[in-house]
Amino acid sequence: MKKNLLFITGEYFPTHSAVSNCVENVVLELENEFNVIVLCLTIDGETSTETYNNHIVIRLKASFLKNENIFMKVVRNFKRLFSRFSLENKIIKIFYNEFVNNESLQNIDVIIPAAMPYETIVAALRYKQIINDKCTVIPYIFDQFSENDNFNRIKIIKKIKYKYHLELEKEIAQSSNYLMMMNSIYDHYVKYFGSYLEKYISLEHPLLLKNINNFDNIEFFNDRKIQVSYVGGLYKNYVVPTYLLKVFEKVVQMNNEVCMNFFVFGNGAKEIDIYSRRYPENIINHGKKNKDEVEGIRRNSNILISISENKGIQMSSKIFEYMSAGKPIIHFYKVEKDINLKILKKYPNCLLVREDEKLLEDNKVAINDFVTRNSNMVLEFEQVSHIFKEALPSSTAEVIKQIIIDTKKVE
């Protein structure tokens with residue numbers, strides 16, 4: 001008899017987060033061997049159930065995250081600010097109520113809550129504690145909780161709450177059967193919760209995919225120029241394009257054949273418009289694009305850009321999506337211990353750019369040289385997948401199957 005697997009995540013196909021994109025890749029590897037259900041949130045739609053490929057998707061309405069007025073948002077954030085943990089209790093309640101009221105969720109064998117949002121883990125453990133204590137809970141952790149600045153933008157509040165957030169991470173490690181986590185945060189769990197080391201499984205983002213589509217009909221590019229693209233979010237005080245824009249201003253002044261394209265969203269994107277007004281043919285903000293468009297953009301760009309977050313502690317999932325396309329990568333980083341460097345140094349066609357005002361001129365020359373020499377270079381997927389085998393979705397799926405099959409690991 002097939003085991004019943006439940007994945008819990010935020011928004012899911014077709015409106016993905018970086019985390020749910022990883023979840024879908026793994027689910028597609030597992031859906032034929034297990035009865036797979038994905039429980040997720042929908043901000044724009046209504047609560048619904050549908051079959052997608054060979055798994056079931058249950059979407060739960062969470063419109064309060066988008067439709068609340070300013071007063072309601074201030075009240076919600078105020079409560080969250082002064083609660084013990086920086087969690088959104090409404091999200092936990094939405095998931096848990098579905099556990100209670102949906103008969104198809106009463107007999108789950110394995111729950112894999114994917115954080116972010118971190119509330120998925122709390123909801124899953126509540127399910128195990130109250131509804132089905134025979135269920136195996138395996139959190140799938142992509143981001144640190146206690147170190148995440150997005151939860152507490154005010155430093156003093158983050159400092160005050162830090163010990164409580166460590167307590168929550170410890171409780172999760174203690175109560176879960178196993179924890180699957182990204183390589184980039186494994187050391188954090190070993191350092192603070194080393195007594196649960198036998199539960200930890202270190203993984204990589206399952207984003208290395210061979211795409212058979214050609215995406216020839218991309219309309220964003222002028223083929224006469226070398227197309228350099230940044231695809232993703234930009235956020236104030238977190239992932240910022242300031243240095244990139246400064247250096248590319250110098251690059252396009254030197255080489256008019258270079259076009260720096262931005263396909264972006266987030267509150268840190270406005271800065272691009274200042275430069276695009278100066279260089280309308282060479283620095284362009286195309287705005288946010290859907291998943292298929294983004295894939296086509298990556299495949300049709302000559303060079304792809306990555307920007308680390310300010311502290312360099314968060315592994316950028318887009319790097320593996322970039323590698324899937326086999327394109328040359330330019331990575332902008334701010335600190336020498338940037339976690340992304342370990343991966344990118346293995347990639348055969350990459351330029352690492354340290355964001356340093358003193359290096360602006362040197363970086364301008366290096367970037368122009370790299371772009372000119374590598375604009376037509378593409379690595380074969382087989383070569384990339386050989387180097388980064390652990391980033392294949394099938395590798396993560398095999399880990400999950402092994403946990404489930406091995407009777408010694410499943411209670």
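# Briefing on a predicted 411-residue chain

Buried residues, meaning those under 20% relative accessible area with a 1.4 Å probe and protein chains only, make up 56% of the 411 residues in the chain. The model is predicted: local features need pLDDT of at least 70, side-chain atom pairs count only at pLDDT 80 or more, and totals for chains, interfaces and linings use all residues. Residues are numbered from 1 along each chain as its sequence is written, and side-chain values use heavy atoms, with hydrogens and water left out. The chain holds 15 helices and 15 strands; these are DSSP runs numbered from the N terminus, with helices (H or I) of at least four residues and strands (E) of at least two. Of the contacts (heavy atoms within 4.5 Å) with a separation of 6 or more, 70% are between residues 24 or more positions apart.

**Helix packing**

- Helix H1 (residues 18-30) and helix H15 (residues 393-405) have axes that come within 9 Å and cross at roughly 65°; axes are lines fitted to C-alpha atoms, for helices over the stretch in contact, and angles run from 0 to 180 degrees between N-to-C directions.
- The H1 and H15 crossing is right-handed, a term for a near helix turned clockwise from the far one by less than a right angle, anticlockwise being left-handed.
- H1 contributes Asn-25, Val-26, Glu-29 and Leu-30 to this contact, and H15 contributes Pro-393, Ser-394, Thr-396, Ala-397, Ile-400 and Lys-401.
- The residues of the H1 and H15 contact comprise 5 nonpolar, 3 polar and 2 charged; Ala, Val, Leu, Ile, Met, Phe, Trp, Tyr, Cys and Pro count as nonpolar, Asp, Glu, Lys and Arg as charged, and the others, Gly among them, as polar.
- Helix H4 (residues 89-101) packs with helix H5 (residues 119-130) at an angle of about 35°, the axes being 9 Å apart, and this crossing is also right-handed.
- From H4, Ile-91, Ile-92, Phe-95, Tyr-96 and Phe-99 meet residues of H5 including Val-122, Ala-123, Arg-126, Tyr-127 and Ile-130.
- The contact of H4 with H5 divides into 10 nonpolar, 1 polar and 2 charged residues.

**Buried residues**

- Glu-24, in helix H1, counts as buried because its relative accessibility is 3%.
- Beyond residues up to four places away in sequence, Glu-24 touches Tyr-12, Phe-13, His-16, Tyr-52 and Lys-291.
- Cys-259 lies in strand S11 (residues 258-265) and is buried, with a relative accessible area of 3%.
- Cys-259 and Ile-226 are 33 residues apart in sequence, with C-alpha atoms 5.9 Å apart.
- Among the contacts of Cys-259 outside four places in sequence are Lys-225, Ile-226, Val-228, Glu-281 and Ile-284.
- Phe-262, also placed in S11, counts as buried at 0% relative accessibility.
- Leaving aside neighbours within four places, Phe-262 is in contact with residues including Tyr-230, Leu-244, Leu-245, Ile-272 and Ile-283.
- In helix H10 (residues 291-300), Val-294, Glu-295, Gly-296, Ile-297, Arg-298 and Arg-299 are buried, and their cover includes strand S10 (226-233), S11, strand S13 (303-307) and helix H11 (318-325).

**Second largest pocket**

- The lining of the second largest pocket has 21 residues, with Asn-183, Ser-184, Ile-185, Asp-187 and Ile-339 nearest the centre of the pocket.
- A pocket is an open set of points, on a 1 Å grid over the protein atoms alone, where a 1.4 Å probe fits, with protein on both sides within 12 Å along at least five of seven lines; lining residues have an atom within 4 Å of a point.
- Helix H7 (183-192) and helix H12 (341-344) each supply at least two lining residues, and the largest share, 8 residues, comes from H7.
- The lining divides into 7 nonpolar, 5 polar and 9 charged residues.

**Backbone features**

- Cis peptide bonds join Ala-115 to Met-116, with omega about 25°, and Met-116 to Pro-117, with omega about 5°.
- Asn-53, in the loop between strand S3 (48-52) and strand S4 (55-61), has a positive phi near 55°.
- Asn-53 counts as partly exposed at 45% relative accessibility, the class between buried and exposed, the latter being over 50%.
- Asn-237 has a positive phi of about 65° although it is not a glycine; Asn-237 lies in the loop between S10 and helix H8 (242-254) and is exposed at 70% relative accessibility.
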